[in-house]
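Dear colleague,

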Amino acid sequence: MASSEKSTSKGQAWFCTTGLPSDIEIEVDDMTFHLHKFPLMSKSRKLHRLITEQETRSFSSLNPQTSTALTVVVAESDKKGKGHEIEDEEKEEEENEKEIEENGFPHIKLEDFPGSSESFEMVAKFCYGVKIDLSASSAVPLRCAAEHLEMTEEYSPDNLISKTERFLSHSVYKSLRESIKALQACESVSPLAESLGVTEQCVESIVSRASSADPSLFGWPVNDGGGGPDLSLIPGGASSKSAKKQNRDNTNTELWFEDLAQLSLPIFRTVILSMRSKDLSSDVIESCLISYAKKHIPGILRSNRKPSSSSSTAASENEQREILETITSNLPLDKSSISATTRFLFGLLRTAIILNASETCRDLLERKIGSQLERASLDDLLVPSYSYLNETLYDVDLVERILSHFLDSLEERSSTALVEADGRSPSLMLVGKLIDGFLAEIASDANLKSEKFYNLAISLPDQARLYDDGLYRAVDVYLKAHPWVTEEEKEKICGVMDCQKLTLEACTHAAQNERLPLRTVVQVLFFEQLQLRHAIAGTLLAAQSPSPSQSTEPRPSAIRNLTIAEVVNGNETRGEEEVDAGKWKKTVRENQVLRLDMDTMRTRVHRLERECSNMKKVIAKIDKVGSPATTVTDRPRSWSITKKFGCKFKTQVCDSQEATVVDHRSRRV
């Protein structure tokens with residue numbers, strides 16, 4: 001048997017060239033099939049009934065003077081079951097009568113045929129005994145077409161319904177990726193596929209096989225583990241060469257959850273809800289959601305913002321908002337083990353702000369990000385302020401909320417979290433470094449208020465920072481970008497730092513930093529001297545220590561680990577009882593000398609403060625004598641006097657006895 005197609009005034013025509021003239025026309029969509037009655041009637045109960053009814057009506061109304069049969073148009077509609085209007089029917093009857101006069105044989109029109117003309121072509125080939133190639137995409141609409149035409153086993157043995165069911169069961173439902181393709185094909189025949197249970201079986205196959213996937217392989221090519229379809233189950237199936245090719249395709253390295261991204265949102269939502277109901281791994285669900293979002297929401301990742309080839313079919317803004325809210329509502333709230341999820345979540349959050357998604361959607365994303373904030377990068381935190389209400393370049397309030405969610409989640413899992421010997425959490429220290437970098441990045445923003453900078457800086461507990469060098473850098477950048485802030489604000493901003501936690505390099509830089517208040521510089525100098533003295537003392541003790549063979553004596557490193565507070569207060573303890581008495585006396589003597597040096601330096605600091613105070617009083621007297629009121633012209637003279645006294649700091653009172661000058665940080669512990 002051969003077939004050919006040609007164009008007509010109404011569309012395409014399909015001919016069966018068996019050597020016999022066709023005696024019936026079947027019209028499906030824009031395709032007209034020129035076929036024979038017997039092969040169709042032998043396999044399809046419905047076509048047999050339609051052809052028989054038509055012939056009965058044709059013979060009953062036959063004119064003895066003519067031999068032209070009357071054509072009956074059969075309108076089939078599975079969805080609505082409504083006939084055409086009277087005017088349309090009359091018009092079609094006129095056209096059919098004209099065709100009968102031209103062709104001389106019946107014409108049947110099948111409207112809303114499941115699977116369109118491609119499926120009916122496969123039905124026609126099956127009726128004629130022609131070999132057909134089945135796949136997961138074609139088997140589903142063919143199964144629905146067979147049901148529509150009533151091609152059952154009771155009517156004809158080894159019929160099309162049983163053949164397609166066998167193919168789906170043995171070849172499609174056993175493979176994860178083939179089940180996804182079949183589920184995608186269900187969209188075109190959705191009502192009938194759902195009533196036949198094909199959609200449900202595809203979903204169950206996907207969920208059951210996804211549950212057996214190895215989550216540790218996510219992010220890498222995964223084999224779906226399903227065998228290729230055995231096309232030999234259907235007479236005239238694909239050749240062995242095609243079957244081998246299909247098997248090779250099933251073993252490729254493409255991720256199966258990327259295939260899910262091809263589904264429509266309603267069917268995809270059904271799959272995700274089924275996965276959640278079966279308690280699948282959160283990594284499986286997140287991988288599916290990430291792939292779907294990347295496919296349908298452009299610009300989620302900053303590294304991939306070039307328009308794709310399918311940009312012409314991109315979803316509208318409302319559709320993107322619906323997809324985003326669906327994905328967010330189905331994201332597992334627990335911490336993900338996929339490292340790439342954090343950047344993806346920030347991309348979703350930026351898109352949610354741009355699309356003006358619901359508050360619930362944005363809050364869920366913020367909480368999810370907060371649960372794994374230690375995985376974020378500085379670039380992730382730099383979310384632009386899309387609202388005109390925010391004066392700053394980046395959304396600082398958003399970072400504060402995310403940080404608050406992180407601290408809450410850290411408290412919840414503190415009982416099982418990994419904590420170092422000194423009580424520090426690795427996650428907390430990573431976030432501390434991240435926030436310090438964010439502070440340094442936003443500090444140069446001229447619209448950033450000092451109160452907002454201060455609140456974000458003190459929002460972390462002391463354990464979040466081993467050293468305050470990053471915080472000092474942010475403070476220095478802020479003071480440089482905001483030279484107009486008052487001395488009181490400078491004191492408050494510098495109060496977020498702990499000068500005892502600055503490294504020697506940071507202390508050296510801060511001691512020469514003219515932007516810092518004088519009190520802060522004095523504190524830095526004091527603790528810098530402490531660190532130097534402590535380092536010198538440790539070096540001397542290490543040089544005087546006995547050989548390492550004497551295991552009963554303390555190691556030099558143990559002595560060098562004394563804290564600054566212990567050195568100043570002189571309350572060092574002996575440590576272990578095995579320490580030699582002579583060694584202990586040497587250590588105490590060295591500490592006493594060191595404490596005496598500290599007292600001397602403290603006296604020098606007080607003297608420097610008194611000199612600064614006297615200097616300010618002298619300058620004030622000179623200003624009063626020169627002019628009763630301070631004017632703009634007085635400023636150069638006062639600065640010249642300051643230079644005359646050799647002070648490179650701004651004139652201000654620095655009284656160590658005044659408790660209100662230094663604002664200690666009220667951090668969250």
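Tyr478 is buried, with a relative accessible area of 1%, and Phe453 is buried as well, at 0%, where buried means under 20% relative accessible area with a 1.4 Å probe and protein chains only. This is a predicted model, in which local features need pLDDT of at least 70 and side-chain atom pairs count only at pLDDT 80 or more, while totals for chains, interfaces and linings use all residues. Residues are numbered from 1 along each chain as its sequence is written, and side-chain values use heavy atoms, with hydrogens and water left out.

The count of aromatic pairs comes to five, a pair being rings of Phe, Tyr or Trp (its six-membered ring) whose centres lie within 6.5 Å. Phe453 and Tyr478 form a pair that is stacked, at 4.8 Å centre to centre and 25 degrees between the planes (stacked means planes under 30 degrees apart). This pair links distant parts of the chain, since Phe453 lies in helix 20 (residues 450-457) and Tyr478 in helix 21 (residues 469-481), 25 residues apart; helices are DSSP runs of H or I with at least four residues, numbered from the N terminus. Elsewhere, ring pairs link Phe33, Phe113 and Phe120 into a cluster.

Ser119, placed in helix 4 (residues 116-127), is buried with a relative accessible area of 4%. Leaving aside residues up to four places away in sequence, Ser119 touches Phe113, Pro114, Pro141, Leu142 and Ala145, contact meaning heavy atoms within 4.5 Å.

Best regards

How values were computed:
Helices (H or I, at least four residues) and strands (E, at least two) are DSSP runs, numbered from the N terminus. Buried means under 20% relative accessible area, exposed over 50%, partly exposed in between (1.4 Å probe, protein chains only). Rings of Phe, Tyr and Trp (its six-membered ring) pair if their centres lie within 6.5 Å; planes under 30 degrees apart count as stacked, over 60 as edge-to-face and the rest as tilted.
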